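Dear colleague,

Please find the structure below, together with its sequence. A summary of the findings follows it.

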Amino acid sequence: MSTLPLTDGAAAATRILTKLRHDPAGIALTLGAPVVLVLVFGFVFGPAIAVPGSGDYREYLVPGLFVVIAFNPIPSMVSMARDAGRGSVDRFRSLPISRAAIPFGQAAATAVYGVLCLLLMALCGLAVGWRIHTGIGPALGALGILVAVQFAATWIGMYLGLVIGREDTASQLAVLVFPFAMLSNIFVPTAGMPAWLRTLADWNPFSTFSAAVRTLLGNPTAPTNGALPLEYPVLGSLAWAAVLLLVFVPLCTVRYARTER
Amino acid sequence: MTHDPVVSVEGLVKAYGSVHALDGLDLEIAAGTVCAVLGPNGAGKTTAIRVLSTLVTPDAGRARVLGHDVVEQPGEVRRSIGLAGQHAAVDDDLTGRENLQILGRMLHLGRRGARARATELLDRFDLAEAADRLVKTWSGGMRRRLDLVASFVVVRPVLLLDEPTTGLDPRSRTEIWATVRELVAGGTTVLLTTQYLEEADHLADQVVIVDRGRSVATGSPADLKATVGVRIDVEVEDVAAAARALGALAGSEPEVDPDRRRVSAATLDGALTLPAVVRHLDAAGVVVRDVALRRPTLDEVFLQLTGAAA
């Protein structure tokens with residue numbers, strides 16, 4: 001069909017980035033939430049939370065917040081649901097272009113934006129006493145994991161957005177993500193939870209991702225309680241990201257490119 | 001110059017569960033003409049557009065654009081059409097100019113080409129003043145116009161418009177009509193769906209009335225009106241005598257409104273003239289206060305054909 005999928009993808013990426021540029025309020029909100037969390041958890045709850053190995057709580061918290069920012073399918077879900085509901089997806093499908101190139105372009109643009117958000121979050125972290133205790137290599141490894149996680153979240157979000165197909169419904173689902181993030185070791189070590197809940201929390205991918213980032217950056221880590229993904233957090237994170245991408249990239253691409261039956 | 005139809009649809013069927021959105025739709029559109037597909041909500045208009053724009057696969061039947069089958073050659077069909085769907089599919093959170101530029105780049109005009117084309121279209125269709133404001137600040141009419149313009153960033157032989165003026169004020173509607181006429185003058189073939197008979201009457205060379213997924217009548221607006229014939233309306237002293245006389249003249253059962261002393265009858269005799277009616281009533285001894293011959297509106301044609309309640 002089309003011979004220029006790269007051009008099509010680049011145009012789709014430009015569309016997403018241009019929209020973001022027009023939406024400073026949205027960017028402020030995306031960044032504002034973790035900043036508020038740094039303040040609330042770092043300074044309100046933090047002093048009451050014991051970190052294993054007498055580590056500093058804010059050093060424990062900030063890597064978790066990187067994961068909260070990265071593993072967030074909501075923005076791409078809402079934006080895709082909006083595109084589907086308001087006819088943009090139909091318009092693109094009716095053009096003589098590579099249909100599959102569009103979600104790839106959008107995911108790439110979202111990744112660029114995501115790295116920017118992570119860097120700004122890192123500045124906030126530095127301001128409240130978080131530090132990288134390893135070296136440039138492991139730090140880039142942590143960034144790599146966060147980008148992979150963010151890429152996976154984008155594809156999950158785009159797929160769900162296509163399935164939901166309505167912006168208002170998608171926005172209502174947004175509240176479900178935060179409890180999912182809470183049920184992990186991001187904010188508190190899981191050791192104090194009841195056994196059944198602790199198992200859930202330890203196997204929650206949010207826990208794996210934050211354990212990997214903490215390990216790579218030399219920040220305090222939570223006890224693994226013997227959960228396999230936490231024993232090998234870096235491998236576990238890469239496995240989670242790979243599985244999610246292997247499932248959701250084809251699902252989303254096929255769904256986007258299909259002609260309705 | 002060939003006389004093959006630019007768009008041809010034969011026996012198109014599409015069911016969603018037990019609902020037949022299309023149930024054997026037929027239509028043909030000649031090059032450079034406007035065809036209005038007219039029907040009530042749920043008649044299958046949008047589904048027809050979606051099949052022709054390769055968004056939906058039909059269950060049965062064929063649809064072709066410039067001879068290309070929508071199922072077998074979707075790529076060729078997409079290169080032949082422009083689509084403006086029922087919602088204004090423009091991005092609210094981009095400016096008008098950015099909307100057109102991004103589409104231009106997707107259509108491989110190149111960065112510079114896309115920019116030039118956007119400027120040209122914004123100027124020509126009177127959107128230049130708002131061009132650099134976010135579309136969410138635009139009026140509904142301007143947004144629709146931008147959406148229409150977005151469907152011909154690259155001009156295609158066929159334009160598919162799904163209810164292009166639904167919900168617009170009369171002025172915006174007139175502006176959309178003017179744009180469509182301009183495109184047709186340039187050789188574009190247009191298929192548009194509408195719920196407004198007035199719109200079909202103004203724009204279309206051919207009207208296809210659809211009901212429950214199939215075409216119930218096809219023809220020019222004038223042809224369709226002729227199928228309903230002419231109505232004779234009189235106001236008289238003696239309604240009973242007038243009803244007898246009109247019934248004989250029209251060959252149909254007249255409607256009588258005794259309170260207002262009005263009698264009305266439909267006739268298929270399109271050649272009937274007003275003097276002939278007056279002479280006939282006079283000869284029957286009916287005293288006439290007022291008399292009129294009325295060509296039917298498309299509304300009456302539509303209601304008669306679709307059997308919908310007025």
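Predicted model: local features only at pLDDT ≥ 70, side-chain atom pairs only at ≥ 80, totals over all residues.

The buried residues of α1(B) are Lys45(B), Thr47(B), Ala48(B), Ile49(B), Arg50(B), Val51(B) and Leu52(B); buried means under 20% relative accessible area, exposed over 50% and partly exposed in between, with a 1.4 Å probe and protein chains only. Helices (H or I, at least four residues) and strands (E, at least two) are DSSP runs numbered from the N terminus. Because seven of the eight residues of this helix, which covers residues 45–52 of chain B, are buried, it is largely enclosed by the rest of the structure.

Residues are numbered from 1 along each chain as its sequence is written, chains are lettered from A and ligands numbered from 1 in the order in which they are written, and side-chain values use heavy atoms, with hydrogens and water left out.

**Chain B as a whole**

Chain B holds eleven helices and 14 strands. Its C-alpha trace spans about 80 × 45 × 40 Å along the principal axes, and 51% of its 310 residues count as buried. Among the contacts in chain B (heavy atoms within 4.5 Å) with a separation of 6 or more, 66% come from residues 24 or more positions apart.

The domain assignment of chain B gives domain 1 (7–225) and domain 2 (230–294); such bounds come from an automatic or database domain assignment. The C-alpha centres of these two domains of chain B lie 44 Å apart.

**A four-stranded sheet in chain B**

An open sheet of chain B is formed by four strands in the order β12-β13-β11-β14, with antiparallel pairing; two strands pair if DSSP finds at least two bridges between them. At its edges are β12 (255–257) and β14 (288–294) of chain B, each of which pairs on one side only. Strand β11 (residues 230–236) of chain B pairs with β14(B) in the antiparallel sense over six bridges, and Ile232(B) stands opposite Leu293(B) in β14(B). Helix α9 (residues 239–250) of chain B packs on the sheet and touches β11, β12 and β13 (262–267) of chain B; its direction makes about 5 degrees with that of β13(B). For such angles, axes are lines fitted to C-alpha atoms, for helices over the stretch in contact, and the angles run from 0 to 180 degrees between N-to-C directions.

**Aromatic rings**

The whole structure contains twelve aromatic pairs over all chains. Rings of Phe, Tyr and Trp (its six-membered ring) pair if their centres lie within 6.5 Å; planes under 30 degrees apart count as stacked, over 60 as edge-to-face and the rest as tilted. Phe125(B) and Phe152(B) form an edge-to-face pair, at 5.4 Å centre to centre and with 65 degrees between the planes. Both Phe125(B) and Phe152(B) are buried. In chain A, Phe41(A), Phe45(A), Phe178(A) and Phe187(A) form one aromatic cluster.

**A further positive phi**

Glu163(B) has a positive phi of about 45 degrees although it is not a glycine. Glu163(B) lies in the loop between β7 and α6 (170–185) of chain B and, at 5% relative accessibility, counts as buried.

With kind regards
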